[in-house]
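Keep the sequence and the 3D view open while going through the points.

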Amino acid sequence: MLSEETITAIADELVEAGATRTPVPRLTARYPEMTVEDSYRVQNLWRQRSEAAGRKLVGRKIGLTSRAMQMATGITEPDYGIIFDDMLYDSGASFKWSDFTGARVEMELAFKLKKDIEGPNANIFDVLEATEYVIPALEILDARVEMEGRTIVDTISDNAAMGAMVMGGNPMKPDAIDLRWVSGILFKNQTVEETGVAAGVLNHPAAGVYWLANKIAPHGDKLKAGEIILAGSFTRPMWVNENDTVFADYGPMGTVTCHFE
């Protein structure tokens, strides 16, 4: 386990990397003894730094929940991160590509909660009962830690690579559609780049939500009413560049789009 001094130094590095858009050298190369627990300590301290600067927590993201993402990254267990208010955008948003490092886009479903979900024994029924609506979303991945050779420890420390979130489409009640069979087509500049089905996320997108509730329970934390939970990608990450337009078609759940300048 890393010392508090080292955890603080890493968190400060990541705050600076976010401000300068210059990724820090891979953490596991410099601290090979670093554990998953250490990485969440870094993330929590980074969260505290961000909240002290005025950012407001509005939800959580779950990553690496689908086989597609695990194969793409070489990481075989889920992780989670924080969503702040300044990360949320509506469909049609335009971003400066230079504001991200290694920008990639994923298709996901987001759960807006109307009730708390508390572990350690939360299950899929708790999630469906607690969900006000489910909405299509795009996650834009960012990198404050260099990407080459990253492990789950590097990714968790980097707030699970969360950059921004674009919401759109048709918000739907969780019992209004078979969430396992929500499908998606991801376009870049009118070309189909990725397709997927939401069952790719742990066999049901709600599974990631209760996994998270149970994961954070030992730390005295829970998922709270009003939070938005980004449940994990069911497509591989799609790289984007300047002047790219992204369009995601979720069938009956509608579409989400964004553009990079």
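Predicted model: local features only at pLDDT ≥ 70, side-chain atom pairs only at ≥ 80, totals over all residues.

Residues are numbered from 1 along each chain as its sequence is written, and side-chain values use heavy atoms, with hydrogens and water left out. Helices (H or I, at least four residues) and strands (E, at least two) are DSSP runs, numbered from the N terminus. Buried means under 20% relative accessible area, exposed over 50%, and partly exposed in between, with a 1.4 Å probe and protein chains only.

**Salt bridges**

- A salt bridge is a side-chain nitrogen of Lys or Arg within 4 Å of a carboxyl oxygen of Asp or Glu. The whole structure holds 16 salt bridges.
- R47 and E51 form one, with N and O 3.5 Å apart. The two residues are 4 apart in helix α3 (residues 36–52), and so about one helical turn separates them. In general, an α-helix has 3.6 residues a turn, so residues three or four places apart point the same way. R47 is buried at 19% relative accessibility, whereas E51 is partly exposed at 33%.
- R60 and D221 form a salt bridge, at 3.2 Å from N to O. R60 is in strand β1 (residues 57–63) and D221 is in the loop between α7 (205–216) and β10 (228–233), so this pair ties together parts that are 161 residues apart in sequence. R60 is buried, with a relative accessible area of 3%.
- D158 and R150 also form a salt bridge, their closest N and O atoms being 3.2 Å apart. D158 is buried at 2% relative accessibility, and R150 is buried at 14%. Salt bridges with shared partners join R21, D142, R144, R150 and D158 into one network.

- D244 is in the loop between β11 (238–239) and β12 (245–249).
- The D244 side chain does make a polar contact with the side chain of N189, at 2.7 Å. A polar contact is a pair of N or O atoms within 3.5 Å; within protein, one must be able to donate a hydrogen and the other to accept it, and residues adjacent in sequence count only if both atoms are side-chain atoms.
- Leaving out residues up to four places away in sequence, D244 touches K188, N189, C258, H259 and F260. Contact means heavy atoms within 4.5 Å.

- A nonpolar core is a set of buried Ala, Val, Leu, Ile, Met, Phe, Trp, Tyr and Cys residues joined through side-chain atoms within 4.5 Å.
- The largest nonpolar core has 76 residues, of which L109, F111, L138 and Y250 touch the most other members. Strand β5 (residues 104–113) gives the most to this core, with 6 residues.
- In α7, the buried residues include P205, V209, L212 and I216. The buried residues of α7 pack against β1, β2, β5, α5 (124–130) and β10.

**Aromatic pairs**

- Rings of Phe, Tyr and Trp (its six-membered ring) pair if their centres lie within 6.5 Å; planes under 30 degrees apart count as stacked, over 60 as edge-to-face and the rest as tilted. The structure holds 9 aromatic pairs.
- W46 and F84 form a tilted pair, 5.7 Å centre to centre with 55° between the planes. This pair links helix α3 and strand β2 (residues 79–84), with W46 and F84 38 residues apart. W46 is buried at 9% relative accessible area, and F84 is buried at 0%.
- The rings of F100 and F260 have centres 6.2 Å apart and planes at 70°, so this pair is edge-to-face. Both residues, F100 and F260, are buried. Ring pairs link Y89, F95, F100 and F260 into a cluster.

**Backbone geometry**

- Most residues other than glycine have a negative phi, and most peptide bonds are trans.
- The peptide bond from G119 to P120 is cis, with omega near 15°. P120 lies in the loop between β5 and α5.
- R21 has a positive phi, near 60°, and is partly exposed at 23% relative accessible area.
- A161 has a positive phi, near 65°, and is buried at 6% relative accessibility.
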